[in-house]
Structure formats: structure tokens, C-alpha cells
Amino acid sequence: MAKKDTALYQPKKIKVGGDVIALNIIGYVLISIFALLCLMPFYLIIIASFTSNAELIRSGYPLIPKSFSLEAYQLCLKNPMTIVRAYANTIGVTVVGTFLAITMATMTGYVLSRQDFPWRNGFAFFFFFTTLFNGGLVPWYVLCTRYLHFKDSYLAILIPMMFSVWNMIIAKSFMRGIPAAISESAKIDGANDFTIYVRLILPLSKPLIATLGLFAALAYWNDWYNCMLFINKEEFWNLQYYLQRMLGSAEAMRIVAEKSGLPLTNVPLQSMKMAMTVIATGPIILLYPFVQRYFVKGLTIGAVKG
Amino acid sequence: MAKKTKEQKALEKQARIPFLKVIRKHWLLLLMLVPAIAYVVIFSYIPMTGIVMAFKRFTAKGGIYGSPWVGLKNFKSLIISNKLWMITRNTLLYNVAFIFLGMICEMGFAILLNELASKTFKKIAQSFMFLPYFISWVVAGAIMFNIFNYEQGVFNHIMRNLGLPDMDLYNTPKYWPIVLVLLKLWKATGYGTVVYLAAITGLDQEMFEAAAIDGANAWQKIRYLTIPSLIPTMMTLVLLAIGNIFRGDFGLFYQTVKSSSLLQPVTEVIDTYIFKLLMDTGDFGVSSAAGLYQSVLCFCTIMICNGIVKKVNPDYALY
């Protein structure tokens with residue numbers, strides 16, 4: 001028992017044994033390594049985006065910043081309309097989509113959490129079954145394009161993520177924790193079910209709303225899949241899909257430049273890709289320190305299982 | 001069993017309430033369900049009827065229901081293509097690796113984080129670990145390219161500086177299973193760690209104090225108290241993951257591999273295959289046949305696994 005080390009590890013007067021110290025050492029080392037590995041790529045991307053393209057071509061993506069250049073950002077923002085448009089699309093769809101996702105999940109979850117609603121189990125199964133079996137991508141895609149005309153419209157990037165059965169289950173299990181007496185007494189006072197939901201249940205569900213909202217907002221912000229499936233016109237592109245196209249077409253441009261023998265250094269493709277990545281990820285990384293703890297809190301709300 | 005009969009009794013009781021009376025009494029609640037019901041009917045149940053497409057030759061004129069029947073022809077061409085086994089194997093093996101290694105990393109880091117003395121370090125480390133969860137697969141793909149591309153990548157940069165052989169990842173299939181598993185772990189471990197950590201924090205602290213008084217050391221406490229207490233959380237997470245064991249993480253495979261035919265044998269999963277059949281070749285029949293194959297496979301897996309878990313310990317079953 002290493003008594004000398006006690007003060008080092010725990011200020012309180014608790015006996016700290018060798019096992020605890022060993023565990024702490026292993027913990028600090030392993031977690032430090034993994035945490036740095038998680039952070040490192042972001043650092044690399046940012047460094048690369050501020051390095052001149054010639055430097056990138058000559059000596060590769062740097063580990064330590066060697067030069068400072070804004071050429072990639074200048075080029076990205078030279079023709080800012082497409083980026084601004086993509087940003088506006090992403091922000092708009094995220095705001096509207098998050099609102100709709102919260103409304104759908106909480107409203108449905110509330111009805112199914114009502115113990116006096118006799119059909120709640122039947123409907124719960126009706127929703128849950130869709131997570132067990134589905135028709136696959138193709139019938140869904142044909143339905144969306146052929147019958148609902150999602151191609152090249154905002155509906156395509158809004159509707160597919162509007163309702164999630166898992167979020168509904170999280171809402172249901174959270175609301176089951178709200179005493180039924182609240183709904184019952186309001187009912188006696190003459191309030192209808194919708195008023196109870198809006199006026200009483202929603203204000204009591206703020207932590208739930210925060211969690212559902214954050215997850216929905218993150219899903220909308222990071223979506224590129226629906227855009228890729230349904231959108232051809234550039235005006236509807238969201239930020240992530242725009243980045244995907246940039247990464248791809250930059251690649252294509254490189255190949256063209258190589259084949260035609262044009263000097264590659266004229267177009268700062270490599271650093272431009274990295275600058276675009278920073279531009280597309282920026283807001284999330286900036287917001288991250290503020291919202292992170294709500295995510296952590298939220299994970300305990302859902303407790304995974306319904 | 002007791003629980004089931006109770007539920008059944010409750011169901012019987014409910015069934016006795018007349019249909020019209022429920023509607024009259026709860027019409028507003030039912031109205032509040034309408035948006036979600038409509039959504040699920042349109043986007044889940046109607047596409048379910050669309051599985052008939054797997055037995056049809058899709059024509060633009062006929063649509064889903066009007067196209068001519070071709071029997072099992074789509075399934076035949078799916079089998080003849082010789083890709084079915086490859087994509088099934090890839091999907092299954094990748095997911096097994098993700099589930100198994102993910103579980104170990106997440107639980108391990110959660111337990112270690114919980115043991116750490118410094119609260120500040122714990123908080124900062126947790127924030128860093130959670131960060132990759134917040135980026136899209138597009139960005140993750142860009143990051144991977146930054147690190148692993150042959151000429152300028154950071155990885156080769158380091159290897160060359162150290163005088164070690166460099167690695168042409170994008171042209172070498174054999175590295176991909178390792179790299180993809182690492183990338184997935186990199187992105188998902190933080191999230192899982194937080195889930196497990198929340199479960200650990202929720203445990204009864206008196207249990208640990210009692211064990212300490214009885215002379216248990218830190219290892220014993222982890223081995224006999226923490227890990228067994230985490231099993232319910234683990235079972236739920238693993239069972240949910242097993243239900244999707246035949247569904248590949250589309251973003252992971254699509255955004256990193258793109259459409260390299262060289263890498264196809266080790267990176268193609270069912271989801272990317274269906275997507276490519278649909279979008280690149282426009283073969284609606286065969287791709288919906290592959291989709292049906294996947295859906296049935298997933299459905300059977302979750303039914304069987306949940307059934308087994310239910311038999312062994314009903315508390316761990318999902319439903």
C-alpha cells in the first residue's frame with residue numbers, strides 16, 4: 001500500500017491502495033491516447049486548410065504548421081453564392097425539420113403514454129413493427145420519386161427524417177414518468193387532451209425536448225444521403241452534399257489536370273478540399289462545447305430501451 | 001410468464017370496451033396520432049407492399065403495381081451475379097467486428113473514466129472522445145483521405161520520415177477491413193462510452209462501499225460488481241445492434257470507398273450494393289430483390305435472437 005501517494009490522487013482522507021493507483025495510471029494513459037486520436041484529425045484538417053497548396057503537394061499534409069496561407073479559403077469564398085445557398089438550405093431544413101421531429105415524437109409519445117387510452121399497445125406495436133421489417137430502399141425510393149414527387153424539392157431533405165419510431169419511444173417512456181394525476185386533474189378542470197399536451201406536458205418535458213431536438217438537429221445538419229438520392233439541382237444542395245460534391249469534383253478536376261498536363265499547382269485542390277471541410281464542419285465544432293453536456297444528459301433520458 | 005398473462009388480461013379487458021365508445025371518448029387523442037400514423041403508413045407500410053417489385057420487371061409506365069410479373073427471375077440474376085455471398089459475408093463480418101470490439105472499447109473506457117480521480121480530466125477527455133460522433137460521414141471520409149492518401153497523406157508522411165515502408169491504402173484491399181473497423185470505432189466509441197458511463201453513474205454506490213469494507217480491491221469491484229451491473233445495458237445495445245447485423249453502415253462504406261472496383265471484394269456491403277444497383281445501373285427489379293433478401297434476413301435475425309434471449313432471461317428481451 002503506497003501511503004505516500006495518497007495525497008497525490010485523492011485530497012480526501014481515503015486510503016488509496018496500489019490497485020487504485022494502477023487503475024488510474026492505465027486509465028490516464030489509455031484515455032489520453034484515445035482522446036488525442038479523436039482530436040488529432042480535426043487539427044490536421046485545420047492545419048492543412050491553412051497551408052498553401054504548393055506546400056501540400058511538395059511535402060504532404062503537415063503535422064506541424066510550416067506556412068500560413070489563406071489561398072484555399074479565398075478560392076472557396078471567391079464565388080460564395082453556392083456556399084451561402086448550401087448553408088441557407090441546411091440551416092432552414094435543420095430548423096424546420098427539428099421542430100417537426102420534436103412535435104411528431106412528443107405528440108405521438110404522449111398519446112401512447114396515456115394509461116387510460118385503451119388502444120395504446122396496439123398502436124405502439126403498429127409503430128414498432130416498422131423497425132422490425134421494411135420494404136427496403138427501392139419501393140420507398142420509387143414511392144418518393146414517382147408518386148410523391150420528391151425529386152428536386154425541399155420535401156426530399158425534410159420529410160424522410162421527420163419521424164423516428166425510436167424518438168417516439170424515448171418520448172413515450174419519458175412521459176410515462178410524469179404523474180398521470182396531472183392529466184387527470186386537468187381533465188376534470190375541463191381541459192382537452194391537446195391543451196393538456198401543449199400547456200402541461202410539454203413544459204414538463206423540457207429535458208426530453210432538448211435531447212430530441214439536439215439529435216434531430218444533428219441528423220439534419222449532417223444529412224447528405226437524402227440529398228444524394230433525390231436532388232440534382234444545385235440550388236437545393238445542402239452543406240454536406242455540397243462538400244461531398246466538392247471533394248468528388250475536385251478529385252475529378254485533378255484527374256483532368258493530370259491527363260491534360262496542365263500545371264496542377266494552378267488550382268489549389270488539396271487545400272481547397274480541406275478548407276471546404278472546415279467550412280462545412282465549423283459551426284458544429286464551434287457549438288460543440290456548449291451543447292455537448294446536453295447530449296450527455298440526454299443519453300440518460302432515453303436509456304435506450306422504451 | 002406471469003407478466004404475459006397480466007398483459008393478456010389487460011388486453012382482453014380493453015377489447016371489451018366497445019369500439020365506438022373509445023372513439024367518442026378519445027377522439028382528440030386519436031386525432032393527435034393521425035400525423036404519425038399517416039407518416040408510417042405512407043413511408044413504411046405502403047413501401048412494404050412494394051416488395052412485389054422484387055417479383056416484377058419494373059417499367060416506367062406500369063409503376064410499382066402495374067409492371068409485369070417475372071416470378072423469381074430477379075432473384076436468379078441476383079444469385080448468378082455471384083455477389084450475394086460476398087456482400088452478405090462482408091456486411092456480417094464488419095458488423096460482428098463493430099459490435100464486439102465496440103462493446104469492449106466502450107465498456108472499457110467507461111469503466112476507466114469512472115475510476116479516474118480528476119473530474120476535469122474526465123470531462124475534457126469525454127468531450128474529445130465524443131467529438132467524432134458529431135461529424136458527418138462526408139467529413140469523416142475527407143479526414144481519412146487527408147491521413148491515408150498515398151502521395152500527401154499524413155500517415156505516409158510519418159512512415160517515410162521514419163524510414164518505414166509506405167502504404168498505398170486506396171489501392172490495397174487487404175488493409176481495408178482493419179482501417180474501416182478503426183474508423184468506425186473512432187467515430188462511435190465516444191457515444192457508447194457515454195451511454196455506459198451513464199449506466200455506471202446510476203449504479204447503487206452503497207454496493208461499492210460495502211464491497212470496499214469487505215476488502216474487495218479495485219479489480220475485484222470491476223470484475224464482480226461493475227461489469228455484471230452493466231450487462232442489462234450491454235444486452236439492450238447488443239440486441240439492437242444484432243437486429244441490424246445485416247444492414248451495413250451506408251455512410252461509412254460509401255464515403256470512404258466511393259466506387260473503387262478494386263476494393264469492392266472487401267468493402268461492398270448489402271446496402272451499398274443495393275444503392276449502386278438502383279442509382280448506377282437503374283436495375284429496380286434486382287435491387288428490390290436484394291432489398292427484400294436483406295429485410296427478411298434482418299427480420300429473422302432479430303426474431304430468433306430476441307426469442308432466444310427471452311427464453312434465457314425475459315428481462316433482457318427487447319419486446
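I'll start with the interface: 82 residues of chain A and 73 residues of chain B take part in the contact, where two residues are in contact if their C-beta atoms, placed from the backbone, lie within 7 Å. On the chain B side, helix H2 (residues 19-49) gives the largest share, 15 residues. Helices here are DSSP runs of H or I with at least four residues, strands are runs of E with at least two, and both are numbered from the N terminus. That side of chain B has 53 nonpolar, 19 polar and 1 charged residues. Ala, Val, Leu, Ile, Met, Phe, Trp, Tyr, Cys and Pro count as nonpolar, Asp, Glu, Lys and Arg as charged, and the others, Gly among them, as polar.

A word on the source. This is a predicted model, in which local features need pLDDT of at least 70 and side-chain atom pairs count only at pLDDT 80 or more, while totals for chains, interfaces and linings use all residues. Residues are numbered from 1 along each chain as its sequence is written, and chains are lettered from A and ligands numbered from 1 in the order in which they are written.

Next, chain B by itself. It has 15 helices and 0 strands. Its C-alpha atoms fill a box of roughly 70 × 65 × 35 Å along the principal axes.

Which residues have the most contacts inside the largest nonpolar core? They are Leu212(A) and Ala290(B), in a core of 148 residues. Such a core is a set of buried Ala, Val, Leu, Ile, Met, Phe, Trp, Tyr and Cys residues joined through C-beta atoms within 7 Å. Helix H9 (residues 176-201) of chain B gives the most to this core, 11 residues. Leaving aside neighbours within four places in sequence, Ala290(B) touches Leu78(B), Ile270(B), Tyr273(B), Ile274(B) and Leu277(B).

Last, helix H12 (residues 250-257) of chain B. How much of this helix is buried? The count is 6 of its 8 residues, among them Phe253(B), Tyr254(B) and Gln255(B). The cover over the buried residues of H12(B) includes H7 (137-148), H9, H13 (264-267) and H14 of chain B. Just after H12(B), Lys258(B) has a positive phi of about 55°.

Key. A residue is buried if 20 or more other C-beta atoms lie within 10 Å of its own, exposed if 12 or fewer, and partly exposed in between; C-beta atoms are placed from the backbone.
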